[in-house]
Amino acid sequence: MEKFRHVIDLLVKYHTVLGYSLLSLLTAGGERLFSNVVFQCPCSAIWNLPYSLVFLLVPALILFLLGCLLSTSAKKFMTGCCAPREVEEESSEDGPGLCVSTAMCCHFTLVTALAPITWIAVALLGGGFYECAASGSMWVSRLLCPDQEVACSEQLPQVPCQKAKSEKVQELLKELKAHSQVAGWILIALVVIALLISTSVTRCRSPVNFLHLKFWKLYGKKEEEVFMNEAKKQATELAEENVKCFFDGSKPKEFKLPNSKAWEKISLQETFSPGSHYYSVLHKYVNKK
């Protein structure tokens, strides 16, 4: 029982990393299945390039758009951002600054781009999409067939289907696959370097030290957990009261709920400042109130 509880604790602690890993594995497996079952290179000088680009880029775009729709950060950032605001005489809390908004956009864009980048990287390592696309490209044809017979350019689109008449031309398939795999590893290396740089810059510019940062993140998780539990409790009580009064025909008792301005203020994004001692906008709101 203790071992099982220890495993559960590890899953809860590293649920974000495990979730991203599972998403990457599912995307990689889906790409392999997709390329082996659905993708069939037409081996045509006209259709090879557009057909392959559609299979390479359109699923990546769909994964990116689905990630944007399902991203909690994107929903929180975009909800109400275009709604008109009433002008008040009293000073009101400002929204997130340009730097904070830019950092938020970059963060959920990178997270959302994980699945599309995995799709493209696995596709390039497999080589099938690139081989078909490059064989129908005039630029690649000039690169691979500079000194060979004129028939090389005509037979090159047939290479992915193993239908090239010349053995020398058919051997160019190995070179195309090498190009694809090198591009795949370069893409993976660039993504890892970008993650390393962004993580290093974020850590270096952190306003607090390591232990204080861990406490800040722990507080944020606990505050969200307690907030959701209390919100469910309040919503349940209000719903039960309204339904009961509807059927009984009685007058509902008064519920003290936050007004729209209060909800708007605690929904703002704010970076932690060591001098303020406020760990969230909710913490700041209840203390200033």
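Student: Among contacts in the protein between residues at least 6 apart in sequence, what percentage join residues at least 24 apart?
Tutor: Happy to start there. This is a predicted model, where local features need pLDDT of at least 70, side-chain atom pairs count only at pLDDT 80 or more, and totals for chains, interfaces and linings use all residues. Residues are numbered from 1 along each chain as its sequence is written, and side-chain values use heavy atoms, with hydrogens and water left out. With contact meaning heavy atoms within 4.5 Å, the share of those contacts that join residues at least 24 apart is 66%.

Student: How many helices and strands does the protein have?
Tutor: Both are DSSP runs numbered from the N terminus, helices being H or I with at least four residues and strands E with at least two. From the N terminus on, the elements run α-α-α-α-α-α-α-α-α-α-α-α-α-α. The count is 14 helices and 0 strands.

Student: Which way do helix 3 and helix 7 run relative to each other, roughly parallel or roughly antiparallel?
Tutor: Axes are lines fitted to C-alpha atoms, for helices over the stretch in contact, and angles run from 0 to 180 degrees between N-to-C directions. Helix 3 (residues 48-70) and helix 7 (residues 128-135) pack at about 150°, with axes 7 Å apart. Angles under 35 degrees count as roughly parallel, over 145 as roughly antiparallel, 65 to 115 as roughly perpendicular and the rest as oblique. The two helices are therefore roughly antiparallel.

Student: Which residues of helix 7 make the contact with helix 3?
Tutor: Good one to check on screen. Helix 3 brings N48, L49, S52, F55 and L56 to the contact. On the helix 7 side, the residues are F129, C132, A133 and S135.

Student: And helix 3 with helix 6: how many nonpolar, polar and charged residues does the contact have?
Tutor: The axes of helix 3 and helix 6 (residues 114-126) come within 8 Å and cross at roughly 160°. The contact is made by F55, L56, L57, P59, A60, L63 and F64 of helix 3 and A115, P116, W119, I120 and A123 of helix 6. Ala, Val, Leu, Ile, Met, Phe, Trp, Tyr, Cys and Pro count as nonpolar, Asp, Glu, Lys and Arg as charged, and the others, Gly among them, as polar. That gives 12 nonpolar, no polar and no charged residues.

Student: Is C43 buried or exposed?
Tutor: C43 lies in the loop between helix 2 (15-37) and helix 3, and its phi is near 55°, a positive value in a residue other than glycine. Buried means under 20% relative accessible area, exposed over 50%, partly exposed in between (1.4 Å probe, protein chains only). At a relative accessible area of 6%, C43 is buried.
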